[in-house]
Amino acid sequence: MKQLFLIGLTLFIGIAQIIAQTKQISGKVTSAEDGSPVPGVSVSVKGTTTGTITNSDGIFFLTVPENQVLTFSFVGMKKVEVPVTESDTYNVVMYSDIIGVDEVMVVAYGTAKKESFTGSAEVIN
């Protein structure tokens with residue numbers, strides 16, 4: 001009986017520590033060019049499947065474990081990584097990622113960089 005009590009107590013303490021180590025955070029993602037909010041930015045905890053997307057005002061809400069790294073990514077903008085600290089609010093500025101037009105190919109199922117494309121391609125004017 002004593003062993004069963006100790007196992008239950010250990011399990012309870014372990015679960016309490018896991019729950020206590022997460023926190024609710026929020027923030028706003030804006031563009032560096034004009035300061036406007038960026039909707040549809042993918043906000044995720046690096047190395048996990050936990051994440052969300054910013055709303056039409058560039059605002060996000062997420063429950064994250066402490067001491068992790070947030071990754072912000074959006075097509076056409078440079079990826080930003082921010083460490084989770086004691087703060088509950090994270091305002092992130094994203095910069096445009098300019099690439100040359102000759103580096104991207106449009107294919108039937110999306111786009112591909114020239115160096116990663118395999119197969120045949122034709123230039124259409």
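The side chains of Ser96 and Glu33 are joined by a polar contact of 2.4 Å. A polar contact here is a pair of N or O atoms within 3.5 Å; within protein, one must be able to donate a hydrogen and the other to accept it, and residues adjacent in sequence count only if both atoms are side-chain atoms. This is a predicted model, in which local features need pLDDT of at least 70 and side-chain atom pairs count only at pLDDT 80 or more, while totals for chains, interfaces and linings use all residues. Residues are numbered from 1 along each chain as its sequence is written, and side-chain values use heavy atoms, with hydrogens and water left out.

**Around Ser96**

Ser96 sits in the loop between strand S7 (89–94) and strand S8 (104–107). Helices (H or I, at least four residues) and strands (E, at least two) are DSSP runs, numbered from the N terminus. Ser96 counts as partly exposed because its relative accessibility is 27%; buried means under 20% relative accessible area, exposed over 50%, and partly exposed in between (1.4 Å probe, protein chains only). Leaving out residues up to four places away in sequence, Ser96 touches Glu33, Gly76, Met77 and Lys78, where a contact means heavy atoms within 4.5 Å. Gly76 is 20 residues from Ser96 along the chain, with 6.0 Å between their C-alpha atoms.

**The chain and its confidence**

The mean pLDDT (the predictor's confidence in each residue, from 0 to 100) is 80, and 63% of the residues reach 70 or more. Confidence is highest in S7, at 94, and lowest in strand S9 (residues 110–113), at a mean of 58.

Of the 125 residues, 23% count as buried. Among contacts in the chain with a separation of 6 or more, 45% are between residues 24 or more positions apart. The chain exposes about 9200 Å², and carbon and sulfur atoms supply 59% of that area; accessible areas come from the Shrake-Rupley method with a 1.4 Å probe, and for residues only the protein chains shown count as cover.

**The nonpolar core**

The largest nonpolar core has 18 residues, of which Val29, Leu70, Phe72 and Met94 touch the most other members. Two or more residues of this core come from each of strand S1 (22–31), strand S2 (42–45), strand S4 (59–65), strand S5 (69–74), strand S6 (77–83) and S7. A nonpolar core is a set of buried Ala, Val, Leu, Ile, Met, Phe, Trp, Tyr and Cys residues joined through side-chain atoms within 4.5 Å. Beyond four places in sequence, the contacts of Met94 include Val29, Thr30, Phe72, Phe74, Met77 and Val80.

Thr30 belongs to strand S1 and is buried because its relative accessible area is 16%. Its contacts, not counting residues up to four places away in sequence, are Gly35, Ser36, Pro37, Val38, Val92, Val93 and Met94.

Lys28 is also found in strand S1, and with a relative accessible area of 33% Lys28 is partly exposed. Past its neighbours within four places in sequence, Lys28 is in contact with residues including Pro37, Asp57, Phe60, Tyr90 and Val92. The C-alpha atoms of Lys28 and Phe60 are 6.4 Å apart, although 32 residues separate the two along the chain.

**Salt bridges**

How many salt bridges does the structure hold? There are two, each with a side-chain nitrogen of Lys or Arg within 4 Å of a carboxyl oxygen of Asp or Glu.

| Side chains | N to O distance |
|---|---|
| Lys23 and Asp88 | 3.8 Å |
| Lys46 and Glu81 | 3.2 Å |

Lys46 lies in the loop between S2 and strand S3 (51–53) and Glu81 in strand S6, so this pair ties together parts 35 residues apart in sequence. Lys46 is partly exposed at 45% relative accessibility, and Glu81 is partly exposed at 38%.

The salt bridge of Lys23 and Asp88 links distant parts of the chain: Lys23 is in strand S1 and Asp88 in the loop between S6 and S7, 65 residues apart. Lys23 is buried, with a relative accessible area of 13%, whereas Asp88 is partly exposed at 44%.

**A backbone detail**

Asn67 has a positive phi of about 60° although it is not a glycine. Asn67 is placed in the loop between S4 and S5, and its relative accessible area of 69% makes Asn67 exposed.
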